[in-house]
Amino acid sequence: MDLEREFERVVAADHRVEPRDWMPDGYRATLVRQIAQHAHSEIIGMQPEGNWISRAPSLRRKAILLAKVQDEAGHGLYLYAAAETLGADRAELTERLVEGRQKYSSIFNYPTPTYADVGVIGWLVDGAAICNQVPLCRTSYGPYARAMIRVCKEESFHQRQGYELLMTMMSGTRQQRAMVQDAVDRWWWPSLMMFGPPDAESSNTEQSMLWRIKRHTNDELRQRFVDMSVPQAEKLGVTLPDPDLVWNAERGHHDFGEIDWSEFWRVVKGDGPCNQQRVAHRRRAHEDGAWVRDAAAEYARKKERAA
Amino acid sequence: MTRSSWPLYEVFVRGKRGLNHVHVGSLHAPDDEMALRNARDLYTRRNEGVSIWVVKADHITASSPDEKDPFFAPSGDKVYRHPTFYSIPEDVPHL
């Protein structure tokens with residue numbers, strides 16, 4: 001009981017909970033689930049853009065994209081490391097992912113048919129991710145907060161390279177501008193869904209806010225993202241595909257149209273355009289890498305015996 | 001599916017000359033050499049360091065993390081170890 005009061009005191013005082021502190025089982029389980037899903041999202045998120053590394057139009061664009069996808073791998077690893085401080089096992093988390101028992105962000109179940117998708121992912125998808133992630137730099141669990149600080153620093157490059165890519169295409173041919181608009185049309189709504197279900201239906205929000213794992217509700221963050229994106233879209237010269245998107249002077253925010261939540265739930269439950277492909281690819285990469293992991297471990301054992 | 005048996009390493013990075021090595025996170029690697037290389041790729045992709053230490057996590061001996069730990073009690077009542085314990089008239093220079 002004393003331990004629980006101490007935990008509550010630390011959280012209420014905005015101090016950080018550290019790995020070997022006592023914490024409620026629910027807090028630990030919520031964090032493992034959230035951090036693992038977050039890590040999986042980074043790792044699966046390498047695929048839609050990795051698709052374009054060999055076909056990016058110049059050496060400069062290839063190098064940028066390669067660095068970006070490598071960052072996603074790094075973010076996944078920071079996060080798996082944070083999950084491990086809670087007693088989770090990375091190999092087991094990977095197994096849960098490839099067996100479909102643990103989820104990742106649904107946004108990565110959408111395809112990237114054109115190169116403009118690389119730019120729009122950087123601008124909108126990484127932009128939405130930043131909105132979600134900046135408050136997590138102050139989340140109550142120390143290792144998670146510290147991982148997020150690193151992630152956020154690096155995401156800023158991701159968003160800027162995307163926007164710059166789009167500006168370049170928008171100053172190109174009519175065809176290129178159409179390609180950008182098409183990508184925006186496809187990614188805008190799924191990006192809004194990245195913030196999760198509306199507050200009224202979000203089962204985890206209330207407890208997570210009490211524990212200060214989350215600091216803002218899904219709808220607050222979604223609104224912030226819409227307000228940020230509108231002037232960026234104007235500057236870019238694209239139209240966001242929502243006829244109901246208007247400035248509401250009274251609220252000091254943009255109003256926007258109804259999100260198709262049936263699509264959201266369909267993709268979450270596994271029936272998105274690329275769900276099976278993404279998980280199958282991850283499983284194949286993991287299995288194909290097994291001999292490398294085994295060989296390296298065996299080499300280390302051999303060296304140790306010789307020493 | 002085989003489980004990797006790579007041990008966990010803790011990573012410490014010296015940001016620049018003149019600073020201490022600071023803990024930045026952890027990673028898995030088959031041996032010390034690979035741990036260093038992985039640490040470079042994972043934690044210093046943007047010139048964040050000039051020197052890296054890696055150490056197997058199970059080689060670290062740690063105190064309990066609780067701030068109220070009795071382990072740290074001995075220093076709690078020794079206020080005379082701090083300069084503010086001593087009152088000196090304000091007009092004494094350079095002290």
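Helices (H or I, at least four residues) and strands (E, at least two) are DSSP runs, numbered from the N terminus. By this definition, chain B has one helix and three strands. Read from the N terminus, the elements of chain B follow the order β-β-α-β. The radius of gyration of chain B, taken over C-alpha atoms, is 21 Å, well over the 12 Å from the globule rule (2.2 Å times the number of residues to the power 0.38) for 95 residues, so chain B is more spread out than a compact globule.

This is a predicted model, in which local features need pLDDT of at least 70 and side-chain atom pairs count only at pLDDT 80 or more, while totals for chains, interfaces and linings use all residues. Residues are numbered from 1 along each chain as its sequence is written, chains are lettered from A and ligands numbered from 1 in the order in which they are written, and side-chain values use heavy atoms, with hydrogens and water left out.

Along its principal axes, the C-alpha trace of chain B spans about 70 × 35 × 15 Å. Of its 95 residues, 23% count as buried, meaning under 20% relative accessible area (1.4 Å probe, protein chains only). Among the contacts (heavy atoms within 4.5 Å) in chain B with a separation of 6 or more, 42% come from residues 24 or more positions apart.

Of its 93 residues, Y27(A), W123(A) and L27(B) touch the most other members. Not counting residues up to four places away in sequence, W123(A) touches residues including Y163(A), L166(A) and V184(A).

Terms used
Buried < 20%, exposed > 50% of the residue type's maximum accessible area, 1.4 Å probe, protein only. Core = buried A, V, L, I, M, F, W, Y, C linked by side-chain atoms within 4.5 Å.
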